[in-house]
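My notes follow in the order I took them.

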Amino acid sequence: KSTMQKLLLAALFVGVAFATLGVDVSQNFYVPVFKCLHDNGYDFAIIRAYCSTGRPDDSSVHTVYNAWEGGMKHVDIYMFPCPKCGNPAGQVRDAIAHQRAYNTTYGMFWLDIEEPSYWMDQGSNRNFIQGLIDEARAEGQVVGIYTNLYQWSSIAGDWSGAAGYPLWWAYYDGSPSYDHWQNFGGWSKPAIKQFQGDATVCGADIDRNWYP
């Protein structure tokens with residue numbers, strides 16, 4: 001190979017080496033599963049902590065503990081809110097109180113904004129999302145938003161009120177890259193990409209995520 005080809009290959013390998021793969025899960029997995037995931041190159045986990053039915057996820061605290069013990073380098077939680085239940089601040093407080101009751105440790109507190117059928121009109125949706133953000137910040141959380149172009153435009157229209165928070169972008173093209181990215185909602189780039197849903201790894205049903 002030419003020197004240029006060797007340099008390009010070296011750059012590619014360096015990029016892959018520094019890229020980070022992770023999973024998000026919506027059910028309880030035990031320590032051996034996370035150890036297997038870690039051994040297969042997954043370094044972070046994002047655990048569902050609140051369900052769309054309007055209650056904390058009872059299994060989340062165990063899964064957070066198991067993820068750490070299984071070798072995950074970073075563990076976050078996410079909240080799937082119940083817009084039609086109302087009281088966004090109360091929902092956030094319940095989600096966080098459940099984690100605090102068990103002294104869990106986590107990084108980001110992600111707000112899952114998807115499934116337009118769960119939501120209301122766009123004006124009400126914007127107010128609800130803002131209510132979630134405001135209460136999460138008041139509770140000392142490091143807030144991020146999970147969504148994509150279709151979900152966000154359907155739910156919140158062209159609103160950019162959440163653009164100051166990191167974006168966890170869902171785009172199922174199977175590629176751990178930011179290819180096909182389009183600006184929306186005031187975001188010019190994502191922080192994390194969920195690039196494959198409903199994958200089976202180590203016998204577990206997970207979604208696959210990546211960041212550079």
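Predicted model: local features only at pLDDT ≥ 70, side-chain atom pairs only at ≥ 80, totals over all residues.

**Entry 1, disulfides.** I applied this term to Cys82, which has a relative accessible area of 10% and is therefore buried. Its partner is Cys85, with the sulfur atoms 2.0 Å apart. Cys85 is partly exposed, at 47% relative accessibility. I looked up the torsion about this S-S bond and found about 65 degrees, so the disulfide is right-handed.

I counted 2 disulfides. The other one joins Cys36 and Cys202, at 2.1 Å between the sulfur atoms. Here the S-S torsion is about -80 degrees, so I wrote down left-handed. Cys36 sits in helix H2 and Cys202 in the loop between E8 and strand E9, so the bond ties together parts 166 residues apart in sequence. Cys36 has a relative accessible area of 27% and is partly exposed; Cys202 is also listed at 27% and counts as partly exposed. With bonded cysteines counted along the chain, I read the pattern as 1-4, 2-3.

Cys51 is buried, at 6% relative accessibility.

I found 13 aromatic pairs in the structure. In the pair of Trp119 and Phe128, the ring centres are 5.7 Å apart and the planes stand at 90 degrees, so I noted edge-to-face. Both residues, Trp119 and Phe128, are buried.

Trp152 and Trp187 are edge-to-face too, because their planes are at 75 degrees, with centres 5.1 Å apart. I placed Trp152 in helix H6 and Trp187 in the loop between strand E7 and strand E8, so this pair ties together parts 35 residues apart in sequence. Trp152 is buried at 1% relative accessibility, and Trp187 is buried at 4%. Ring pairs link both into a cluster whose members include Trp159, Trp169, Tyr171, Trp181 and Phe184.

Is Lys193 buried or exposed? I found a relative accessible area of 0%, so Lys193 is buried. Lys193 lies in strand E8. A polar atom of its side chain is 2.8 Å from the backbone oxygen of Ser175. Leaving out residues up to four places away in sequence, I listed what Lys193 touches; among them are Trp168, Trp169, Tyr171, Asp173, Asp179 and Arg208.

Note on methods. Residues numbered from 1 in each chain as written. Heavy atoms only, no water. Phe/Tyr/Trp six-rings, centres within 6.5 Å; stacked < 30°, edge-to-face > 60°. Buried < 20%, exposed > 50% of the residue type's maximum accessible area, 1.4 Å probe, protein only. Helix = DSSP H or I, 4+ residues; strand = E, 2+ residues; numbered from the N terminus. Polar contact = N/O pair within 3.5 Å; in protein donor to acceptor, adjacent residues only side chain to side chain. Contact = heavy atoms within 4.5 Å. Disulfide = S-S within 2.5 Å.
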